[in-house]
Amino acid sequence: MAAQGGGGRVDLKAIIESLIISARKPLSLEQLNLLTGRPTHELAKAIAALEARYERFGIRLIKVGDGYKYGPHPQSAEWIAAILDESVPLRALDSSNSGTV
């Protein structure tokens, strides 16, 4: 079931990003093919470009089994562990700090 968008042609990488971010589970090339109607070789090329794009950011496109999802960059492991540790209190933002951390 390939979704048809309105307007002009949407960048395949943007479509893949939106689908992966919105999915509850990692999406495989076959699932992306069913959703987009695009050939798997085009999808694989776009995914490779996304993997390269996110290499320098705090998030990465990660292959999990036969699917893909977004997750934190391994360099952030220390901070991710701290936020997942419920014994570490997190300071709530209040109006006095104007949204700065």
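**Ring pairs and a helix crossing**

Q: How many aromatic pairs turn up in this predicted model?
A: Rings of Phe, Tyr and Trp pair here if their centres lie within 6.5 Å. By this rule the count comes to 2 aromatic pairs.

Q: Is the pair of Tyr54 and Tyr70 stacked or edge-to-face?
A: The two ring centres sit 5.2 Å apart, and the planes make an angle of 70°. Planes over 60 degrees apart count as edge-to-face. So with 70° between the planes, the label for Tyr54 and Tyr70 is edge-to-face.

Q: Which elements does the pair of Tyr54 and Tyr70 link?
A: This pair ties together distant parts of the chain, with the two residues 16 apart. Tyr54 belongs to helix α3 (residues 40–54), and Tyr70 to strand β3 (residues 67–72). The elements, then, are helix α3 and strand β3.

Q: Is Tyr54 buried or exposed, and what about Tyr70?
A: Buried means under 20% relative accessible area. Tyr54 comes in at 14%, and Tyr70 at 17%. So Tyr54 counts as buried, and Tyr70 is likewise buried.

Q: Which residue joins Tyr54 and Tyr70 in the ring cluster?
A: Ring pairs tie three residues together, with Tyr54 and Tyr70 among them.

Q: Are α1 and α2 roughly parallel or roughly perpendicular?
A: Helix α1 (residues 12–22) packs on helix α2 (residues 29–36) with axes 11 Å apart, at an angle of about 115°. Angles from 65 to 115 degrees count as roughly perpendicular. α1 and α2 are therefore roughly perpendicular.

Q: How many nonpolar residues does the contact of α1 with α2 have?
A: Ile15, Ile16 and Leu19 in α1 meet Leu32, Leu35 and Thr36 in α2. By class, this contact has no charged residues, 1 polar and, as the number asked for, 5 nonpolar.

Conventions
Residues numbered from 1 in each chain as written. Predicted model: local features only at pLDDT ≥ 70, side-chain atom pairs only at ≥ 80, totals over all residues. Heavy atoms only, no water. Phe/Tyr/Trp six-rings, centres within 6.5 Å; stacked < 30°, edge-to-face > 60°. Helix = DSSP H or I, 4+ residues; strand = E, 2+ residues; numbered from the N terminus. Buried < 20%, exposed > 50% of the residue type's maximum accessible area, 1.4 Å probe, protein only. Axes fitted to C-alpha atoms, helices over the stretch in contact; angles between N-to-C directions. Parallel < 35°, antiparallel > 145°, perpendicular 65-115°, else oblique. Contact = heavy atoms within 4.5 Å. Nonpolar A, V, L, I, M, F, W, Y, C, P; charged D, E, K, R; others polar.
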